[in-house]
Protein chains: 2
Amino acid sequence: MMQSISAFQEARARYQPKLPAVLCEGKIGIQLGDTTQAVADEEEIRKMFPLTYGQRIAALTVGEDELSSVPLRVGVVLSGGPASGGHNVIAGLFDALKSANNDSRLFGFLQGPKGIIQGKYKELTAEVIDAYRNTGGFDMIRSGRDKIETAEDLAACEKTFAYMGLQGLVIVGGDDSNTNAAVLAEHLRAHGSATSVIGVPKTIDGDLKNEWIDTSFGYDTACKTYSELIGNICRDAASAAKYWHFIKLMGRTASYVTLECVLQTHPNVALISEEIQSQGITIEEIVDLIVDVVVKRAEVGRNYGVVVVPEGLPEFIPDIKAMIDELSTILGQDEAYIQSLPDHSERLQYLSTQLSEASAKVYSSLPPETQEVLLTRDSHGNVPLSQVETERLLIDLVSDRIRLLNAHKEKKIPFSPLSHFFGYEGRCTPPSNFDADYCYSLGYTAVQLIRANLTGYTVSIRGLIKPSDQWIAGGIPTSMMLCMEMRKGRPTLVIKKALVDLDGRAFKIYATSRGEWALKDSYLFPGPIQYFGPGEVSDCPPITLTLEDRSVMD
Amino acid sequence: MMQSISAFQEARARYQPKLPAVLCEGKIGIQLGDTTQAVADEEEIRKMFPLTYGQRIAALTVGEDELSSVPLRVGVVLSGGPASGGHNVIAGLFDALKSANNDSRLFGFLQGPKGIIQGKYKELTAEVIDAYRNTGGFDMIRSGRDKIETAEDLAACEKTFAYMGLQGLVIVGGDDSNTNAAVLAEHLRAHGSATSVIGVPKTIDGDLKNEWIDTSFGYDTACKTYSELIGNICRDAASAAKYWHFIKLMGRTASYVTLECVLQTHPNVALISEEIQSQGITIEEIVDLIVDVVVKRAEVGRNYGVVVVPEGLPEFIPDIKAMIDELSTILGQDEAYIQSLPDHSERLQYLSTQLSEASAKVYSSLPPETQEVLLTRDSHGNVPLSQVETERLLIDLVSDRIRLLNAHKEKKIPFSPLSHFFGYEGRCTPPSNFDADYCYSLGYTAVQLIRANLTGYTVSIRGLIKPSDQWIAGGIPTSMMLCMEMRKGRPTLVIKKALVDLDGRAFKIYATSRGEWALKDSYLFPGPIQYFGPGEVSDCPPITLTLEDRSVMD
C-alpha cells in the first residue's frame, strides 16, 4: 500500500516551532502599559465599546506575578480564507494551555463562526493536534465566511460559550473577523459572560498590519510560494526567450503580496494598485507603459518578459472605476432593456449613447468578452469587476496595441503572451519556518491573554525581523485599530486595511529599480521554500517587513 | 541596492553534485560489451547507419587502461524546451574536461542547433560555469527547436566543427534531438570528421526512457514542482471545502508526469491518456466518470475535490480523435465556405450535415468556443486540438451535466469548479538534488565517451533509485533506440516515446487505489522541493522510477 503521509510531512511534523524568550521561561506574567484610543472616530467608537474601549497595551513578561494556572476551557475558530500556519496557531494554543495546566481543554468550532452560532465543535486532543503540527491548510476544523452580526447571532454565541463553560475564545481571521471579535467581546462583557475574546491576525494579503501588528500570518508563506513560481517563470522566460508571461497574484485591496513578490524576483513590469490610484494612471497609460517595455526589450533582442499584477487592479484604475460606477447606474435603470437587445453590437451601440464620452471610450476599448461580463450583475447588484481576468484583459489590450504598431512596420515586434494566476497554490503551503514560528507564538500568546482574563484584544507579536527569541509578545486592545468607514453606503465599523506606503522604503526600492529591471534581466530566483538548511535561506522574514521596519529606517 | 542573487541561489551554488563512484576515482577506463541492434526495423536502420550501427554498449570502469588525457575541445548544444538540470550537464562536462586535462576547452552553441549551423557559440569558462551551477533554466546558452536535417545543415555543422577543431559535440535533448544526434554522428563519421557526437536524454515529460535510460533529466524536478502545487491545492480543497479544482499538467504524449504527480499527491480523479486510449473511453464516459465522483462525494458532504489531467488528453479520446480526423478532411475541402457562413449556429448546422452521426454528436456536445477553435487550422494545416484548454473543456462538460442532474433535484449538487495549468512553472525550477546529481553525472560521463573516441552514443546512467555512488555510468549506441514510425504520412526515423505501461507497478498501484482516493481525502502533501535536510526528503528519486525498477519487481 501507499504511505498515508509523505516523507516531507513526516520530517516536518518533527519541527519544534520557536517561541519568543518570554514564553520559554516557566513563569509568564503580564504588564499593562498605556491606555489606548481608536485610530479615528474616537467618540463614536468609545460609545460602541463602553466596556472594552481604551484598554491598556499588554506585554508578556517573565513573571514574578505568574499568571493564573487554573484549568481553562478555550475555543478556537478559523474565519475566512485559509492562510498557512492556522494549524500552528491551534498547536500553540494547545501547548500553552497544557503547559499551564494539564487539565485545560481546547475546542475547535467547526466551519467558521457559524460553528459557534450552531454550537458545532470538537475537542482538540493531543492526537488531533499532533497530526496537524506545521501543516498548511485549515482542514483541521475548517473555516467559514459567516459573520456574527445580528443580536440573535451574539446571543447564540453567548449561549454556546455558557453551555461549554469557556473561559476564552480565540478568533483567527482578518480585519473583518477581528472587528467582529471586538464586537463579540463587548457584548459578552456587557452580558456578564466569563468568556474572553482574543483575535489573531490572519490574511495572506498582508494588509492587516500597523504599528502593533508587524504582519498577518500566512503572508510570508504565500509570498514565498508565489515568488518561487515567478522566479521559475522568469528563468523560463529568459531560457525560452519567446514568451511574455502575465502573472496575476491574489490581493484584492492592498498590493503587498505583489510588492513582496516583486522584491523577491525583479520581474520586468509590475503594477501596484496603490500607485495606480494615487497617480490616477488610466488603463490606456498602463497599456502604454507595458507596450513601451515590450518595444524597448524587443529593440535589444529580448522578445520575452514577465509582468506581475495584483488581482484587484481594475478597481484602482480611475477611468475603469468611473466607467464601472456609470455602468452600475445605467444597469440599475436599464438592465432588462440592455439584456433584451439582440446582440453584442447593439448593446455596445446603446451603451455608447448612455455612458459619458470618457467612459464610453474606455468601455469600447475592452475586449468583447470583458464588455459582456460587465453587463451582468452579481447577487449584491454589483457589476462583477472581480470576474474580469485582469491578466487576460491586459494581454488583450497590449496585443491589440502591438498589432497596431506592427501594421506599418517592416520589422515586426514579436509578442507571444501567456497568462498565469497564482492564488490558491499559496494559501495552504506548509508554513515557512517564519510562519510556523510566528503562528505557534500567536497561539501561545493568546492563551496568556486569556489567562490574564483580558478580552477584546488582538495578539501582537513585534520585532518579527529579529530572531524569534527576541520577539516581543503581548496584546493590543482590538478597539484601538477600529474606525468608521463608508461601506455600501453606510458608516461601518472597520479595521482599516493597510495599503502599500508609497513613501515607504519597500516601494521606493522597487520604484528606483524598476527602470533597470524593465530592460535588463535582473531576475532573482528565490527557489522553493526551504524548511531545513542554512538559516539565511530557511528562516528569513518577508523583505517588505525588513525594509519597513522602524529600527532599520532610523 | 538590492542583491543580485538570492540567499537561496548563494547557498545552492555551493552544492557539490554527487557522482557515481566510478567517476570519483582518478583513473577512468571504459569497457565495451555486447554489440547492439535497433529496437525494430533493423535492416532499414542498419542501412541508414552503415558506420555507427551495431556498436557496443559502453561501461565506464575504474581504469587500468586510463582513457586518453590529450586536451579536448568540446561543444555543447541544448535542444527543445528547458528542463531543470541543463546547466549541471554543462558543469559536469566542464569539470570532467578540466579534470582530465586543464587545457581542454568547452564551447556552448547559442540558441540551439541553429547555433551550430550558423557557427554561433561562446567559450564556457570557469566564470560562466560557476554562475550557473545547480541553477534551473537553459539561459546560459539558450535552446532552440531547429533540427539539423538537410544535407546543407549537416555540411554546415561539419564545417563549424572543423573550424573549431572540436573532438566532441554533446547534444542535450529529447527523442527527436537524440535521433538527430545519431544522424549527425553517422554523417561526420562518413565524412572523416574527428568530432564525436554524444546525446544526453532530456525532457520533463519523462517519456525518453527504456532498458538503458532510467529516465530523462528534468522529469523529477518538474514532477516535484507540480506535486508541490497539487498538494497545496488538495489542502486548499479540503480546507475551503467548496471548490472542484481541475488541474492540467504538461505532457502531450505520455502521461508519465501526471502518473508521478498522482502517486505523489493522491487527487480524487486522474486521467491517464494511455488508459483512455487503450480502453477506448469516450468523452461522454470521461464526463460520466468525473460526475460520478462529484455526486458520490456530495452525498457524504464533500463538495470539493481535485481532478488532474494531462495536457495531451483530447488526442487520446477515441471519439474526439475520430471527430478531429473528419473535421480535418471537411476543412480541407470546405474551409472557406464554412468560414463564410454568417454565424456560429449556421456553421454548426452545416457541420452536422457533414460529420458522421457519432462525430456530429461529439462536436455538438462541446462548448461553442471550443467548437469555433476547432474550425481554424494551424500553420501546418492541422486542426489545433492542442489549443483546446482541456481543463476548461472538462469543467464545461461536467458543469452542463450537473446542471441537468440538478434540474429535477430538490437537493442540488453544489459544483464550483476552478481551473489551473501547471507547466511553465516546473521547467526551470532549480534542479532537485536528484536532477542536479544526475545531470552533472550525465555531463561528466559524456566527456568520458568522447575521451574514448566513441560517437553516435547516448549517455546511459542506470540504477538511479540507488544512492548515486552506486549508479552505473556508460553509454549506449543511439541507433539501438531507433525505429521507423509513420509521421505526417511518411516513414520517419524516430526514438519511440515511452508510454505509461498499463501493466507496470506504478499504474497498477494507482489503478487499485483510485477508488479510495476518489471518495476519501487521501491527499498526500509532498511540500516544496527540499535541497537541504533529511535525505529521505531531499534526495529521493521519482516514485514511478522506484516502482518500475526491475530489481524491485523481482
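A crossing of two helices is left-handed if the near helix is turned anticlockwise from the far one by less than a right angle, and right-handed if clockwise. The model toured here is predicted: local features need pLDDT of at least 70, side-chain atom pairs count only at pLDDT 80 or more, and totals for chains, interfaces and linings use all residues. Residues are numbered from 1 along each chain as its sequence is written, chains are lettered from A and ligands numbered from 1 in the order in which they are written, and side-chain values use heavy atoms, with hydrogens and water left out.

**Stop 1: chain A.** Select chain A, whose secondary structure comes to 22 helices and 16 strands (DSSP runs, H or I of at least four residues for helices and E of at least two for strands, numbered from the N terminus). Its C-alpha atoms fill a box of roughly 80 × 60 × 55 Å along the principal axes. Of its 554 residues, 60% count as buried (under 20% relative accessible area with a 1.4 Å probe, protein chains only; exposed is over 50%, partly exposed in between). Among contacts in chain A (heavy atoms within 4.5 Å) between residues at least 6 apart in sequence, 78% join residues at least 24 apart.

**Stop 2: both chains.** The same surface serves both copies, as 99% of the contact residues of chain B recur in chain A.

**Stop 3: α9(B).** Select residues 256-265 of chain B, helix α9; 10 of its 10 residues are buried, so the helix is largely enclosed by the rest of the structure. Among the buried residues are Y256(B), E260(B) and T265(B). Their packing partners in chain B include α8 (219-240), β9 (244-249) and α18 (505-519). Just after α9(B), H266(B) takes a positive phi of about 55 degrees.

**Stop 4: α12(B) and α13(B).** Select residues 318-340 and 344-354 of chain B; these helices pack at an angle of about 145 degrees, with axes 12 Å apart (lines fitted to C-alpha atoms over the stretch in contact, angles running from 0 to 180 degrees between N-to-C directions). Their crossing is right-handed. Display side chains: L327(B), I330(B) and Y337(B) are among the α12(B) residues in the contact, and R347(B) and Y350(B) are among those of α13(B).
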